[in-house]
Amino acid sequence: MQTDEKIVEVLNDLIEINNDRVRGYERALEETKDLDVDLKSIFQSLANDSRKYAAELTQEVNKFGGEATTDTTTSGKLYRAWMDVKATFTGHDRQSVLESCEFGEDAAQKAYNGALASDAEMSTETRQLITNQQSTLRTAHNLIKKYRDLHQAVNA
């Protein structure tokens, strides 16, 4: 089987962004106070979604004869370092955690947009998988944004 390097690279980029989401939401779980049971449940669910998406994308990489990455993106590592610095100066409040999560969701949308716009040849099934994942991630982004906006409105 011949490896299609372009599509493998695109898929590995998406695996990395999902790995970033898993680590980001695990970090958000650590930062979330015990009273924020609603957020803990949401963050756990979103981390699990990304584990599932990474597994699905790994299967696609294997179909194309490539080797799936288990790493995160460089920007994801920078993002988590930024979260550490931000937490040091602003605390571990609900608003900060939600803002950080929204930042990560924006990065995921950008990665999926880039994948769908790439010139890598992909089958209809692969394109549909990416589109379906992106749609679910967009819903997650909107949920995080809604919680952030509600928190702002309540505390205004």
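Predicted model: local features only at pLDDT ≥ 70, side-chain atom pairs only at ≥ 80, totals over all residues.

Entry 1: Residues are numbered from 1 along each chain as its sequence is written, and side-chain values use heavy atoms, with hydrogens and water left out.

**Entry 2: the overall plan.** I found five helices and zero strands, running α-α-α-α-α from the N terminus on. Helices (H or I, at least four residues) and strands (E, at least two) are DSSP runs, numbered from the N terminus. I looked up burial too: 46% of the 156 residues are buried. Buried means under 20% relative accessible area, exposed over 50%, and partly exposed in between (1.4 Å probe, protein chains only).

**Entry 3: helix α2.** I traced α2 over residues 37-63, which is 27 residues reaching 40 Å from first C-alpha to last, close to the 39 Å expected at 1.5 Å a residue. The expected span is 1.5 Å times one less than the number of residues. Its buried residues include L39, I42, F43, L46 and A47. They pack against α1 (5-31), α4 (94-117) and α5 (124-154).

**Entry 4: F43.** I stopped at F43 in α2. Is F43 buried or exposed? F43 is buried, with a relative accessible area of 0%. Leaving aside neighbours within four places in sequence, I listed its contacts (heavy atoms within 4.5 Å) as Y25, A28, L29, T32, V97, L98, C101 and I144.

**Entry 5: α1 beside α4.** Two packed helices are described by the angle between their axes and the distance between the axes. At what angle do α1 and α4 pack? I read about 170 degrees, with the axes 10 Å apart. Axes are lines fitted to C-alpha atoms, for helices over the stretch in contact, and angles run from 0 to 180 degrees between N-to-C directions. α1 and α4 are therefore roughly antiparallel to each other; angles over 145 degrees count as that, under 35 as roughly parallel, 65 to 115 as roughly perpendicular and the rest as oblique. The residues of this contact divide into 12 nonpolar, one polar and three charged. Ala, Val, Leu, Ile, Met, Phe, Trp, Tyr, Cys and Pro count as nonpolar, Asp, Glu, Lys and Arg as charged, and the others, Gly among them, as polar. On the α1 side I noted V10, L14 and I17 among them, and on the α4 side V97, C101 and E105 among them.

**Entry 6: helix α5.** I followed α5 for 31 residues, reaching 45 Å from first C-alpha to last, close to the 45 Å expected. Its buried residues include L129, I130, Q133, L137 and I144. What covers them includes α1, α2 and α4.

Entry 7: I found K6 in helix α1, partly exposed at a relative accessible area of 45%. K6 touches D119 and A120, not counting residues up to four places away in sequence. K6 and S118 are 112 residues apart in sequence and 8.9 Å apart in space, C-alpha to C-alpha. S123 sits in the loop between α4 and α5, and is partly exposed at 29%. From S123 to I7 I count 116 residues in sequence and 9.8 Å in space, C-alpha to C-alpha.
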